[in-house]
Amino acid sequence: MPRRSKRRYIRLEVISGKNLQVPSERIPAGIYVSINVDSKRRWKSAISVLSSDGSIAWGNTITLPSSHSSPALSVEIRASYELGRMLGSGEFMGELQMSWDELLDHGDHPFDLSFPAVCGIQPFITLKVAVVHALDDQNGALFDSLVDCEIARDTDAGHIRLARYVRYKRVSCLNGAVEHFQLALNQCPVGHPDRATALTNLAWVRLQDYIQNDVQDIDATISLFRDALALHPQHHPDHPLSLYNLTKALNWRYSRKHTAADICEAAQLYHELLPLCQEGTYLRSIAAGENGVDYVIVGCNNLPTDASDEGIHLRRVVLELCPPGHRLRPRTLDELAGAVKARFDQHGSIDDLDTSIQLGREAMSLCPEGHADRDVYLNNLAFSLVSRFKHQDNTNDLDEAITLHEAALHLRPVGHESRECSLDNLGGALVDRFNKRSDIGDITRAISLYREALTLRPPGHPGRTITLHNLAHALTHRYDKSQVSEDLNEAIDCFRDSLLLQRLDDPERHRTLYSLSSALCSRFTQAQKNEDVEEAIALCQESLAALSSLHPDRCFSYRWLQKAYLSRYRILHDPVDLYLAVENFRLASRHPTQGFPARIVEAIHWARQATVYQHESDLEAYQVCFELFDSHVMTRSSIISRREAATAVRGAQSLPVDAASCAIRRDNLRHAVELAEQGRGQQWTLASRLRNPVEDIESANPALARNYLELSKLVSDAAQSSATIGDRAAADRAAMEYRRLTRQWEAAVAEIRDLSAFSRFLLPPLYPDIQAAARQGPVIILIASEYSRSAIIVPTLGDPHHVPLPSVTLTDLTNLKDRFARAIRHASTLGPKLPRNDLIVLLRTVWDEIMLPVVNVLRHDLKLKYCRIWLCPTAAFTSIPLHAAHPFRTNPDGSREPCLEDLYICSYTPTLSALVRSRQMMKRRVTPSFATIGQGQPGAGKGKALLAVDSELELVHKLVPATAKHTTISGDAATRAGALEALQQNTWVHLACHGKQDPKQPYNSHFVMKDEDLTLLDIMERDIPHAEFAFLSACHTAVGDEKTPDEVIHLAAGLQFLGFKSVIGTLWQVDDSVAQHIVKAFYEKMFPDLKDGGAMDCTKAAWALNRATHAVKTTVPLEQRMVFVHIGV
């Protein structure tokens, strides 16, 4: 048998390629290498994705038999436009012919094969060869037969002609490519596996024809790309390239036809495409480049602002195409901010406005000093901040906006193309600040800025109508302040000129209409020309007709329409006009998409006018005021910001007493009590909502109760954390989170109210609920309104009793308060034995004019003798020591005429609800523990030393029953933290130190400790439901601030809120050495019979204080006996 010769094989490894360029400049799906062994056999490497630098890595190996019949082979580089099934051989990129021996000459080392240059760049691939003597069976499968079919031939011919066209720019080549690709598509009917490829090839070459010669139907071409994409759904390997092809066609059509839908669709497609493109790939580099997604972003950023949900969604999509660090991110942020702001303008959602500001802050942060567009972002952010100020009345927003507008104007000097915009916008912010603070300099400067802007917008300028409107707006506000008729007449002329320049479909036209209406009303009031008021009414009606039913600005149309009707009513006295004015008051104050501050202003004005004209809607108006005010204040996250919101609204401070006075005039005393209660102590009411006990709800629906408690905790925590945030952007985010949680909390409350037994959960209490405060004795509410001064006695049972105080005026009460302050200061300079004549005169006045009428009803109508009574003073009454009212007279028989504290045991309560809550919590009593806290040696600058503090603590320690666990904290241990811990861990507390009331910010009122002050805010953040009694032997612990007297914000009220049911506080400065006499007498009366056991009862504190002040009459001066008051049960 003859011997077989040993056959030789060559192992060829295709490693990588570089400088790879596609002749047609089309983006390939991948590149492959083809080794053609003979006319019927070839080997193909894997199709690998091209990198952004034109390189590729294959790492494929094949074992080839060296054949004497085929001494040479060819190596080709080809581009494939499919990662899946290929149609044809793809686009030819280069070829080399060589012999086997030439391959083997390189030895067993990698070597480069260079190909002819493509587009001026010479590509090469790296190979490695070796001779082997065995065939790896698995490699044999890598050989392909060269398929020769008509579809493949037409496709390959199309690629060749397209490449020639790109190289030589011969239209005949392009037409030939279209013809061959069309023939290929004709052979791929619906359902054919190569149809998607054929569609794409034809669409691509038609697109090149459209780009270069503008002769192809671009709409039909895009349809071809869409059909191809439909055949390459998600997860298909060719889906990303199909997405890109369609975006390219849409971009070209947009560049020629400027159809917004094309660039919007391209953005959506890029949003899907980019995550599918791996970093470093050629497709990614093109798609993410200047002519890819950047072109789309710029196109979208240049679209008109679209405030629809769809328009804003598109803007968000575009923003996602601009990750942090992208050069177009600032502009894209600004465009999204503008769209969201526009939606706020139409619908009034504060979330939109907050989002706009948040986006604007980020855009501005990306444009530091020197950035070309910084002025734009400064201006736009400021504009949104002004809108939020108008919506929420937070002056921090206005101040920041003015600072930003000033900075923008500085970047737009004389000659800058946008200077007039900054002049206009800064002027507007200054007008708003003038309306808030009445600084005439603001309105004067605003008018000056508008006049300069008007010179930059001469007749024919498109922005002239805006500046005319703004100038007129400023002039009307100056007229309201100065009543100079020239300002008003010029304003009317400017409004008319502005209106003439506006198109009928101008989105801002309605503002000019109602602003002109307002100015005409002012002139009607001045000159009483009927044509002015008739035109004013017509203008407002036209403005309403131009607005959708929920447009925020309808509120202002209603406002100026009521002004017109009311102006006419004052002159002509037609009841129909008053009816129409009230109806528009009602519509304005209840318009849901306008901010609370504007609606509150309308409701207050409504209440005032209804009172003046005795319209039957007056009580409804007051009720609306309270509802709006409550909702407005609840939007503020921190306790301090709530008070700021409460004090910012002019006329709001007197609402509780004015509403009660109105109900009294309507002979509805029960409702008067309800309104006085609803309007007073609102800060405490809001804070207590988050601590409301839910035991009854837990029995009915444990899940609802648990959800409510969890959300209450989250809202409370959010409120506390927001108070410490200084950064404005962080504060905005915290406020948004607070509002989100508050909405969830409100939804939980609504669910609880759906339970029949809890339908009034957290709603303002009705009279039967409030009357529970009088269970142990009557409560006397003293009403000090500009309309009437009176007292309402809430008895234990039955209807309230009204006690008119006709001889007392508000001026009298103000004078009385000031005279008391002077008399007490003077008394502190007198020796202890000298008479306090000034105080005696004042206390006699309090007795005669205020308390004696009340006492007469208590004694003669209610038949009450020596019992407990609770005083609940309002407004100006809160600064007067009512409990110390004294006739200082003798009876005809020589006996002393009794004073109030001889007749009754007096306590105070901030509100009736506070008293009810304290009584409810009395059900949960624990073993008493007593803490004495004293700080007589405060740090430097914190006040003089209190030398009697330590002896006072020792005295209290001796008098407190031994059965109570006792803790003393003094000296260095009496720190802020130490005092807070003692308050939290003990049920009874005696505190001796300096106390200071902060008149500007009552929440900063504090007890002076060794290190830091223990503030009212610190106290309010705690919750001690088992606490019972606190004696505050410190100055000014029971006096509120003058700005919001009906909020009763002071240290003693804070201790009551904390959980202490019974509190003794002080109305003014305490002499610590003299106070010991009161303290000793009080505890002796409080604990006379507990040496041998017995319960400590905090409800005896009022009686003990009453007896103590009687006991020290001969040793303690009058002003120091009066200083201590009891609050609570």
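A nonpolar core is a set of buried Ala, Val, Leu, Ile, Met, Phe, Trp, Tyr and Cys residues joined through side-chain atoms within 4.5 Å. Keep that in mind as you start this tour of a predicted model.

**Stop 1: the largest nonpolar core**

Select Ile-850, Met-851, Leu-882, Phe-1007, Leu-1055 and Phe-1082: these residues have the most contacts inside the largest nonpolar core, which has 261 residues. Now colour helix H35, residues 837-861, which gives this core its largest share, twelve residues. Stay with Ile-850 and show what surrounds it. Beyond its neighbours within four places in sequence, Ile-850 is in contact with Leu-782, Leu-805, Val-808, Leu-813, Leu-816, Thr-845, Phe-877 and Leu-882. Another core lies apart from the largest one; it has 57 residues, including Leu-202, Ile-211, Leu-303 and Leu-321. As general background, nonpolar side chains in soluble globular proteins tend to be buried together.

**Stop 2: a three-stranded sheet**

Next, bring up strands E18, E19 and E20, which form an open sheet in the order E18-E19-E20 with antiparallel pairing. Which strands stand at the edges? They are E18 (995-996) and E20 (1014-1015); each has a single partner strand, so one side of each is left without a neighbour in the sheet. Zoom in on E18 and E19 (residues 1006-1007), and you can follow two bridges that pair them in the antiparallel sense. For one of the residue pairs, pick Lys-996 and then His-1006 in E19, its bridge partner.

**Stop 3: a cavity and its lining**

Two cavities of 30 Å³ or more are counted in this model. Helix H5 (195-213) and helix H7 each supply at least two residues of the lining.

**Stop 4**

His-258 has a positive phi of about 55 degrees, although it is not a glycine. Is His-258 buried or exposed? With a relative accessible area of 57%, His-258 is exposed, because the cut-off for that class is over 50%.

Then jump to Gln-483, in the loop between helix H18 (464-482) and helix H19 (485-501). Gln-483 is also a residue other than glycine with a positive phi, near 60 degrees. Its relative accessibility is 47%, so Gln-483 counts as partly exposed.

**Stop 5**

Glu-602 is found in helix H24, residues 596-612. What is the relative accessible area of Glu-602? The value is 2%, so Glu-602 is buried. Not counting residues up to four places away in sequence, Glu-602 touches Arg-559, Gln-562, Phe-585, Ala-588 and Ser-589.

Ser-16 sits in strand E1, residues 9-18. Its relative accessible area is 16%, and Ser-16 is classed as buried because the cut-off is under 20%. Show Ile-56, Ala-57, Trp-58, Ile-125 and Thr-126 to see the contacts of Ser-16, leaving aside its neighbours within four places in sequence.

Terms used:
Residues numbered from 1 in each chain as written. Predicted model: local features only at pLDDT ≥ 70, side-chain atom pairs only at ≥ 80, totals over all residues. Heavy atoms only, no water. Helix = DSSP H or I, 4+ residues; strand = E, 2+ residues; numbered from the N terminus. Buried < 20%, exposed > 50% of the residue type's maximum accessible area, 1.4 Å probe, protein only. Contact = heavy atoms within 4.5 Å. 1 Å grid on protein atoms, 1.4 Å probe; cavity = no way out; pocket = protein on both sides within 12 Å on 5 of 7 lines; lining within 4 Å. Points joined across faces, edges and corners; volume = space filled by probe spheres on them. Pairing = 2+ DSSP bridges.
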